[in-house]
Amino acid sequence: MTVHFPFDNTYTRLPERFFARLTPTSVTAPKLIRLNRDLALQLCLDPDRLSSPEGVALLSGNRVPDAAEPIAMAYAGHQFGQFVPQLGDGRAILLGEVVDQNGIRRDIQLKGSGPTPFSRRGDGRAALGPVLREYLVSEAMAALGLPTTRALAAVLTGETVVRETPLPGAVLTRVASSHIRVGTFQFFAARQDVEGLRLLADYVIGRHYPQAAESDRPYHALLDQVIATQADLIARWLHIGFIHGVMNTDNMSIAGETIDYGPCAFMDAYDPATVFSSIDRQGRYAYGNQPRIGLWNLTRLAEALLPLLSEDQEKAISEASEALEAFSSKFEAAYHAGLRRKLGLLTEREDDPTLAGDLLSAMAENQADFTLTFRRLSDAAAGSEADEAVRNLFINPLAYDAWAARWRERLTQEPQDAATRRAAMRAVNPAFIPRNHRVEAVIQAAVERDDFAPFEELLMVLSQPYEDQPAFAHYAEPPEPHQRVYRTFCGT
């Protein structure tokens, strides 16, 4: 049974200094954990053939598909504010590109497929836990409607990787609009390789932002559009309580997708200072700090692009500053528009940001669960008889009562009826998110007992985050005190 990947590779046509050519390292006994059949069909791939022994050999790196041109991509990056001039794909190999059913070009990459020239003494492998986490969270993000990389498959390698302890090894097949990062531009800027910068910028414009090519200042237009996509993406992260955990510049996709799900997590009780990542000891990438870090990262992109913006350095800096000044207004507009939708407000009033901010402050003071508060507000929008379910989430229910009186007064200024409002709110306020204690329980079952049934069940629940799913209502509940997970790990 032959597995055909309709590869049409463009990145490998760039100069050789953009990447290293190599083949994945074979593994001992590959075994398919899960194939994303719906995504396979979107990519014009045959899921039955991908599930066959030959398909599993391809998904594990034991065989290279016809027309694949496997490479490890070169990039640099700021990691927790410190610049590293060469990072690159240390445990990932890009097999090639396909054009999906919608005519969109998508990368297909193996993550955990062995060492590369960029591995920096690492083994290039991935442990099972981080592979399952990325599969779950990236697919949950897609179901929630956020731009994200996707998981096509997860495969056990039959080998052990050593981190703090020996762990089962696995390979994730990841799909992305591309794997080009802010750090990719920094790689060439650090080498003062202006030709490389220009080739990369032209490639990104052609692949992701073709409208920029029509501008009188195409590289300025490119910067403008990357800033706009990132402002929108980070606002959408905040709307669902998502914390990326490691917003280094090498983890920021130039295409505006969420990428690199390492120590990521979703908040339970609302607190802007929430941090999960075990390596973020100063709270640099805390939930509420993500917009500021987004701008910081985009400033590094603007610095890399300076030679393309103008030969006159002062003019280039002026152009970059002009572009960056737009981030805050774009983010605020996207963020407050999303909060209005979460509160059932279709029209815009001057005091709406204050109303939303006061709710968030009350939630923080009363340790109210972020996801459940907004989900239950959707029912309360249809009538005050549903208020009790929201009040119960607050240590001091009177804090909710005081805010709810103002909210109901504001709702009287809206044109839609209660049923329409409730439906609209339920469409943006999920019931189910990949709560960290659930993800950790799934990983524990798989790693310690070779039991993937909890993984399959959680994945199924997360595929319909806006539906009630009464049989799985317990998945919507926040953790009990003894279930709370306070730290997540990158898995490298």
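**Exercise 1.** How many cavities of 30 Å³ or more does the count come to? Determine also what volume the largest cavity has and which residues line it.

*Solution.* The model is a predicted one, in which local features need pLDDT of at least 70, side-chain atom pairs count only at pLDDT 80 or more, and totals for chains, interfaces and linings use all residues. Residues are numbered from 1 along each chain as its sequence is written, and side-chain values use heavy atoms, with hydrogens and water left out.

Step 1. A cavity is a set of points, on a 1 Å grid over the protein atoms alone, where a 1.4 Å probe fits but cannot get out. The count comes to one cavity of 30 Å³ or more.

Step 2. The volume of the largest cavity is about 60 Å³, where volume denotes the space filled by probe spheres set on the points, and grid points are joined across faces, edges and corners.

Step 3. Lining residues have an atom within 4 Å of a point; among them are Gln230, Leu233, Trp237, Glu257 and Asn297. Helix H7 (residues 218-239) supplies the largest share of this lining, three residues; helices are DSSP runs of at least four residues, and strands are runs of at least two.

**Exercise 2.** Locate the active-site residue that UniProt lists, and state whether it is buried or exposed.

*Solution.* Step 1. The unreviewed UniProt entry lists Asp250 as "active site"; such annotations may be inferred rather than shown by experiment.

Step 2. Aspartate 250 lies in the loop between strand E11 (242-243) and strand E12 (265-266).

Step 3. Because its relative accessibility is 7%, aspartate 250 counts as buried (under 20% relative accessible area; exposed is over 50%, partly exposed in between, with a 1.4 Å probe and protein chains only).

Step 4. Contact means heavy atoms within 4.5 Å. Leaving aside residues up to four places away in sequence, aspartate 250 touches residues including Tyr75, His78, Arg181 and Asp260.

**Exercise 3.** Characterise Arg91 and Arg174, two of the positions in the UniProt feature "binding site".

*Solution.* Step 1. The unreviewed entry places this feature at nine positions, including Arg91, Arg174, Arg181 and Asp260. They are spread over 173 residues of sequence and also in space, up to 22.7 Å between C-alpha atoms.

Step 2. Arginine 91 is in the loop between strand E5 (82-84) and strand E6 (92-99), and is buried at 17% relative accessible area.

Step 3. Arginine 174 belongs to strand E10 (residues 166-176) and is buried at 1%.

Step 4. Not counting residues up to four places away in sequence, arginine 174 touches Lys111, Arg181 and Asp260, among others.

Definitions and conventions:
On a 1 Å grid over the protein atoms alone, a cavity is a set of points where a 1.4 Å probe fits but cannot get out, and a pocket is an open set with protein on both sides within 12 Å along at least five of seven lines; lining residues have an atom within 4 Å of a point.
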